[in-house]
Amino acid sequence: MAMTAAGAAGCGGSGGTPHAAAKTARRTKPAPVKPAPGRLTFDLVRGIGGTAFAGDRACGYGEWNNGTFAIGKPYSQQTSFYREYSCYEKKGEVFPNAAGQMSYAEFGTPAQATAYGNYTKTNISAVAVLVSENTAVTMNIGYLTVNKMTLLKQVQDTCGGCGTVIAGPHASDPVPGHVDKS
C-alpha cells in the first residue's frame with residue numbers, strides 16, 4: 001500500500017504539490033477584464049466612411065468637407081469641429097448630388113451631443129446617429145447604396161463599442177438611408 005501511495009504522489013512531478021498549486025491558481029484566476037471603449041475620433045470615422053463611400057457606385061467622387069448641409073441650427077452653432085462626407089457626380093463640381101451623407105461633429109459638451117442625437121429621432125433625413133461623449137456621427141439619407149446602419153455599427157465596433165446608436169426615421173429602410181432616384 002505504501003508503494004501505491006508513493007506512486008500516486010509521484011504522478012504530478014515532485015510530490016504533486018506544484019501541480020495542485022497550479023490547479024488552484026487557475027481556479028482563482030480573475031476573469032479577463034474587457035478593454036475600456038475607445039474614443040470616437042474624426043480620423044477613425046474618416047477612414048471607415050471614406051472607404052465605404054468610395055466603393056459605392058452612386059458616388060462618383062466623394063470628399064470630407066466642412067459644409068453644413070447635414071446639421072442645422074442650433075446644433076451647428078454648438079460644434080467646435082464639424083466635417084461631412086458629400087458625393088458629387090465628378091471631381092470639381094460645386095454642388096454635391098448627395099450632400100452630408102455622413103457627418104462628424106464635436107460639441108462643446110456631452111449634453112449638447114446627446115440633445116443632437118435625440119433630435120435625429122425625428123429628423124426626416126436621418127438614418128441614425130452614434131453619440132459618444134461630446135461627439136456625434138450621423139448617417140443621412142441619399143442616393144448611395146451603402147447600408148448606413150451597418151456602416152455606423154462598424155464605426156462603433158472599431159472604436160471598441162463606444163457610444164450609443166440612436167435610430168432615426170430611416171433606420172429600418174430596406175437599405176437604411178437609400179433613397180430611390182426614380
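**Pocket and disulfides in a predicted model**

The largest pocket here has a volume of about 180 Å³, where a pocket is an open set of points on a 1 Å grid over the protein atoms alone, with a 1.4 Å probe fitting and protein on both sides within 12 Å along at least five of seven lines, and the volume is the space filled by probe spheres set on the points. Of the 15 residues that line this pocket, the closest to its centre are F69, A70, A99, S125 and N140, lining residues being those with an atom within 4 Å of a point.

Let me say that this is a predicted model, in which local features need pLDDT of at least 70 and side-chain atom pairs count only at pLDDT 80 or more, while totals for chains, interfaces and linings use all residues. Residues are numbered from 1 along each chain as its sequence is written, and side-chain values use heavy atoms, with hydrogens and water left out.

Strand β3 (98-107) and helix α4 (110-119) each supply at least two residues of the lining, helices (H or I, at least four residues) and strands (E, at least two) being DSSP runs.

Turning to the cysteines, the structure holds 2 disulfides, each a pair of cysteine sulfur atoms within 2.5 Å. One joins C59 to C87, S to S 2.1 Å; because C59 lies in the loop between α3 (42-54) and β1 (61-65) and C87 in strand β2 (residues 79-88), the pair ties together parts 28 residues apart in sequence. C59 is buried at 6% relative accessible area, buried meaning under 20% with a 1.4 Å probe and protein chains only.

The other disulfide links C159 and C162, with sulfur atoms 1.8 Å apart, and both cysteines are buried.

Definitions and conventions: Buried means under 20% relative accessible area, exposed over 50%, partly exposed in between (1.4 Å probe, protein chains only).
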